[in-house]
Amino acid sequence: RQFAAIWTAPWRARKTPHGRGSSETQPRMPRPATTNAGLLLRLLRRPRRRLSTAAPAPQAPLRDSPWSVAAPQGHAHINLFTAVNHGLRAALASDPSAAVFGQDVVFGGVFRCTQGLADEFGPDRVFNTPLSEAGIVGFGIGYAAMGKTAIAEMQFFDYVYPAFDQLVNEAAKYRYRSGGLFDVGGLTVRGASAAVGHGGHYHSQSPETYFCHTPGLKVVIPRNPVHAKGLLLSSIRDPNPVIFLEPKILYRSSTMDVPVHDYQLPLGKAELVSPGSDITLVGWGSQVRVLEEASRRCAEEHGISCEIIDLCTLMPWDVEMVANSVCKTGRLMVSHEAPLTAGFGAEVVSTIQKEAFLNLEAPIRRVCGYDVPFPLVHEPFYLPSVARCVRAIVDTVRF
């Protein structure tokens, strides 16, 4: 009825500028009748999806799934920062040109991600730098330009902005401006990102969208130790400069069995975390855990089946998986900690609105941080919590 009322109205007035500072009303021409009628018939004939009465049974990962990692040498039950440490150790052991550098990396840094590496590989390959983000990234660009593998650490990614020019104007464009003769594909800039529970406005920000807007950079965010090790090794070995953001709240809180051997996980591919039929939930990093809890509560309290997708790589992101999921469920909610306006969720919404428009049963929702500086004492109200996600899911399904 809404489409019929809007698209079959013969005339609708609009304001069109005529000269500087003036406007007058003129009629809007109707769309061709064949286009309106054809689309209206497709919308009316399409059977409306019925909500499921229970959550789907859990499904085991497919054998050929890129996210199911074999462990010929066994597993180690470790947390996320230890998985990052293991990934760095594997990179240094397999590549004699690889070097890890940044503030306080020799003793392990604030989060101990580089602990023990200097003792094992020596001061020429694991070393401290002055407290200068622009200097750290600038050195990494020069080192990578010589064909080496540079792994730079930003202790807190909130402080990466002095190096912003180095990243977006130098690292991202190095291959392009040289016509493919030179590149800094061996550069990986990693560090702690997102909320931690008590970080305030200088230690809790999520800056991923700034870098997603820059052609030439890849942006990766893991959500658990298995991803942290596999995606980090893929980022280090990828022939493009990569921004690797590690959710700091997961450093110690996320633990699982991680394969001991050297392995890689694919960049640019999303993971289906949990199958569902009523609505698609998209997130990344620590927000995926929030979506999992919101999905569980929606299934128990409202009988809503949620399909959860972890993007894993934000640039480039897996449009195909998300679009196929939304075509199945008919609904989409995107959630992230970064502020709402111009957050990466807006890119997901815009793309899916185009790719799956005729399959949507309700407007796409975003549940994100607010457009304010990250607060300290009010952090629980700022973050896109389980309660906020549940409310948005129910409203979208009942639309």
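Predicted model: local features only at pLDDT ≥ 70, side-chain atom pairs only at ≥ 80, totals over all residues.
Val282 stands opposite Ile309 in S13. Helix H11 (residues 287–302) packs on the sheet, where it touches S11, S12, S13 and strand S15 (332–339), and the direction of H11 makes about 175° with that of S13. Contact means heavy atoms within 4.5 Å. Axes are lines fitted to C-alpha atoms, for helices over the stretch in contact, and angles run from 0 to 180 degrees between N-to-C directions.

The open sheet is formed by 5 strands in the order S11-S13-S12-S15-S16, with mixed pairing. Strand S11 (271–274) and strand S16 (365–369) stand at the edges with a single partner strand each, so one side of each is left without a neighbour in the sheet. Neighbouring strands of this sheet are turned by 25° against each other on average, direction ignored.

## Basis and overall composition

Residues are numbered from 1 along each chain as its sequence is written, and side-chain values use heavy atoms, with hydrogens and water left out. Local features need pLDDT of at least 70 and side-chain atom pairs count only at pLDDT 80 or more, while totals for chains, interfaces and linings use all residues.

The protein contains 15 helices and 16 strands; helices (H or I, at least four residues) and strands (E, at least two) are DSSP runs, numbered from the N terminus. Of the 399 residues, 50% are buried, where buried means under 20% relative accessible area, exposed over 50%, and partly exposed in between (1.4 Å probe, protein chains only). Among contacts between residues at least 6 apart in sequence, 80% join residues at least 24 apart.

## Helix H6

Leu167, Val168 and Ala171 are buried in helix H6 (residues 164–171). They cover an arc of only 120° around the axis, which puts them on the same side of H6; the arc is that of the directions from the helix axis to the C-beta atoms. The buried residues of H6 pack against several elements, among them helix H5 (133–145), strand S7 (187–193) and strand S9 (242–247).

Lys218 is found in strand S8 (residues 218–220) and is buried, with a relative accessible area of 18%. The side chain of Lys218 makes a polar contact with the side chain of Asp238 at 3.1 Å. A polar contact is a pair of N or O atoms within 3.5 Å; within protein, one must be able to donate a hydrogen and the other to accept it, and residues adjacent in sequence count only if both atoms are side-chain atoms. Not counting residues up to four places away in sequence, Lys218 touches residues including Asn240, Leu267 and Met315.

Thr313 lies in strand S14 (residues 313–315) and is buried at 1% relative accessible area. A polar atom of the Thr313 side chain lies 3.0 Å from the backbone nitrogen of Gly268. The C-alpha atoms of Thr313 and Phe244 are separated by 9.4 Å, although the two residues are 69 residues apart along the chain.

## Ser94 in helix H3

Ser94 belongs to helix H3 (residues 80–94) and counts as partly exposed, at 43% relative accessibility. The side chain of Ser94 reaches the backbone oxygen of Ala90 at 2.9 Å. Ser94 touches Arg237 and Asp262, not counting residues up to four places away in sequence.

Technical notes
Pairing = 2+ DSSP bridges.
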